[in-house]
Amino acid sequence: MAKIGKYEIIEELGRGGMGVVYKAYDALMEREVAIKVISDGVLALPEIKSRFYREARTAGKLSHENITVIYDVSEDEGRPYIVMEYLAGADLGAILDRSEPLPLQQKLEYAIQICRGLAFSHSRGIIHRDIKPGNIRITGDGKVKIMDFGIAKPESSNLTRTGALIGTPFYMSPEQIQGKKVDTRSDIFSFGVLFFELLTGKKPFPGSEPTSVMYKIVHEEPEQIDEHLIDRRTGLRDIVLKTLEKDPDRRYQDLSEVADALGHILAEMRSADRKKVLELKQKIDRLIAESRAFLSAGKFKKALETAERAAKFDPANTEIGRLSIEIRKAEEEAARKAFVESRLQDARRGYAAKKYENVIALTKQILESDPNNTEAQRLNRQAQDAITYAKTGEEQYAETMLAGPVAGKRREEQPAPQRKPTPPPQPVELPKKTPPSPARRKTLAIVAVVVLLAGLGISYRLFLYTPPVPTGFVMLNVRPWAQVTRVVGPGDTELPIDQNTMTPCRLALPAGSYTIHLANPAFGKPIVVTVDVKDAQMHEVKEKFAGFDIEQAVAKFQ
Ligand code: ATP
Ligand code: MG
């Protein structure tokens, strides 16, 4: 591997006016370095070696965050070289050549750092003498490093003339061009040219020939500064123009002053930006609140529109993103609820109209979209029960008609039961499917009477109670038929009754007021009648279950 002194060369970085720059490796220090080897042409200049060492020594004493560190100076086969810190990144020249312009604040940040680095070297009496974009390194983290203090020299030195014309003329000061004695203010002019170019993208003294450029630098005013590129209110124009004064006495005398002025402008711009950001944030917050209010009011379209307006100001805002999703979900949920509610209404109407098959279809639809909808579940169950029950009731009725107390009449003459939607809610004991035969009825009646008498006897014996003798009759006539389930007598006495007592029938009762309960499972609610029984009188109760239509029932059986 090729070496320069102890340094292993990695690659060539480029060639400038003074010589070649290599990237190399310092194995001892375990670090990458940049090495500038002075070219033969330069070496031919008188006194160059001594000048080189003196300047490198002086520059090597500069320790500032915006100045490239010089590690070492030495000679390899008679050629002096300078070892510096290796700086990854790009030259300001390359950055300026890029098509997309830098933001103004970024430009000011770079300019301030250049000013600070130069002001520091000036304070140590060192002039750079070759300030230009190619000698300004911008590292990856945005730090500025001024390179090539290798051709710098102490201010008091008179070794200026020989090196004066090294490099490009664009950034030279009038006094440099004229071969006059240069001081730190020459660097201030060079900085002014660089700053003009940094701000506007153009050179203040342009030209294709070095001679015309140099002429302009010495005799002409700089180019106009495009006002739209620099905020007029900042006063940047005046600062640039003052750095470009032909007469060094009229320029800024110290770049610290420029750095401070630029720092002030930058701070103001940032605070204005912060204010703008704050105002924008407030605006966005207001829009978000508005959108939320629309969302709560169920105005989804307006809510979404408002959220979108907010998103235009800050497309990356996650809160707006979440809000938009929330609105869309709420809108979908509302549509689903509306669908379920309309189907529920249809189902309720269907149920009232006894269209149970429809109710089942509708409630099924609802339950597909909302499986936990209790009303749909209930309606569905009721409709199914109604269908099943209506069938059962019909069968039961048919059987009753054939074998019941009114047996003997032709089946065809009997009224048919109504299909009732609701199952009987009364916890009555339903009659056995087959009504008892007359013989069985008789036996049961006897048993009942015996039980009744036994009960009465026990009561008599226990309470010396004389039961009233039945003196009146109640004739019960209920259509289509009813089971006598309860008879409540005076003093709320529950009279024992045969559960097989079916209408039409007669009850023999002592005088008094009675409440008689008559039930038919096909008709839900039982009929309750109150009868005042008087001695030796027959009371007739004629009732019909609500919803029982004799005409319809007869027609069905014809
Ligand atoms: P001049 O001699 O007028 O300064 P120049 O700046 O164009 O001319 P050089 O200084 O020789 O040329 O630099 C040659 C190349 O090496 C440039 O691309 C420069 O960016 C790069 N370079 C110089 N010093 C370093 C360094 N310390 N780290 C990384 N790259 C460097
Ligand atoms: Mg250079």
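Tutor: What follows is a set of questions and answers on the ligands, the strands and the backbone of this predicted model.

Student: What makes Glu85 a polar contact of ligand 1?

Tutor: A pair of N or O atoms has to lie within 3.5 Å, and a backbone N or O atom of Glu85 lies 2.9 Å from a nitrogen atom of ligand 1, so the pair meets the cut-off. Leu87 passes in the same way, with a polar backbone atom 3.1 Å from a nitrogen atom of the ligand. Arg137, by contrast, uses its side chain, from which a polar atom lies 3.2 Å from an oxygen atom of ligand 1.

Student: How much of ligand 1 does the protein bury?

Tutor: Ligand 1 taken alone exposes 610 Å², and the protein buries 88% of that area. Strand 2 (7-15), strand 3 (19-26), strand 4 (31-38) and strand 6 (79-85) are the elements that each give two or more residues to the shell around the ligand, and strand 2 gives the most, with three.

Student: Which residues of that shell are closest, and what is its make-up?

Tutor: The ligand is surrounded by 22 residues, of which Glu85, Asp130, Lys132, Asn135 and Asp148 are the closest. By class, the shell divides into eight nonpolar, six polar and eight charged residues.

Student: How do you know that Asn135 and Asp148 coordinate the magnesium ion?

Tutor: A donor to this metal must be an N, O or S atom within 2.8 Å, and OD1 of Asn135 and OD of Asp148 are found at 1.7 to 2.0 Å from the magnesium ion, ligand 2, so both qualify as donors. Asn135 lies in the loop between strand 8 (126-127) and strand 9 (136-138), and Asp148 in the loop between strand 10 (144-146) and strand 11 (153-154), so the pair ties together parts that are 13 residues apart in sequence. Both Asn135 and Asp148 are buried. Water is not among the atoms, so the site may look incomplete.

Student: Why is Asp183 called buried?

Tutor: Buried means a relative accessible area under 20%, and Asp183 has 16%, so Asp183 counts as buried. This residue lies in the loop between helix 6 (174-177) and helix 7 (184-200), and its side chain reaches the backbone nitrogen of Arg185 at 2.9 Å.

Student: Why are strand 1 and strand 5 said to stand at the edges of their sheet?

Tutor: The open sheet has six strands in the order 1-2-3-4-6-5, with antiparallel pairing. Strand 1 (3-4) and strand 5 (70-76) each have a single partner strand, so one side of each is left without a neighbour in the sheet. Elsewhere in this sheet, strand 2 and strand 3 pair over six bridges, and one of the facing pairs is Gly14 with Val21 of strand 3.

Student: What makes the phi values of Glu30 and Arg129 worth a remark?

Tutor: Most residues other than glycine have a negative phi. Glu30, however, has a phi near 55°, and Arg129 has one of about 75°, although neither is a glycine. Glu30 lies in the loop between strand 3 and strand 4, and its relative accessible area of 62% is over the 50% cut-off, so Glu30 is exposed. Arg129 lies in the loop between strand 8 and strand 9, and at 7% relative accessibility it counts as buried.

Student: How do you know that the bond joining Arg479 and Pro480 is cis?

Tutor: The omega angle of that bond is about 0°, and the bond is cis; Pro480 lies in the loop between strand 12 (472-479) and strand 13. The bond from Thr503 to Pro504 is also cis, with omega near -5°.

Methods
Residues are numbered from 1 along each chain as its sequence is written. Chains are lettered from A and ligands numbered from 1 in the order in which they are written. This is a predicted model: local features need pLDDT of at least 70, side-chain atom pairs count only at pLDDT 80 or more; totals for chains, interfaces and linings use all residues. Side-chain values use heavy atoms; hydrogens and water are left out. A residue is near a molecule or strand if one of its heavy atoms lies within 4 Å of it. A polar contact is a pair of N or O atoms within 3.5 Å; within protein, one must be able to donate a hydrogen and the other to accept it, and residues adjacent in sequence count only if both atoms are side-chain atoms. Accessible areas come from the Shrake-Rupley method with a 1.4 Å probe; for residues, only the protein chains shown count as cover. Helices (H or I, at least four residues) and strands (E, at least two) are DSSP runs, numbered from the N terminus. Ala, Val, Leu, Ile, Met, Phe, Trp, Tyr, Cys and Pro count as nonpolar, Asp, Glu, Lys and Arg as charged, and the others, Gly among them, as polar. Buried means under 20% relative accessible area, exposed over 50%, partly exposed in between (1.4 Å probe, protein chains only). Donors are N, O and S atoms within 2.8 Å of the metal (3.2 Å for Na, K and Ca); water is not among the atoms, so sites may look incomplete. Two strands pair if DSSP finds at least two bridges between them.
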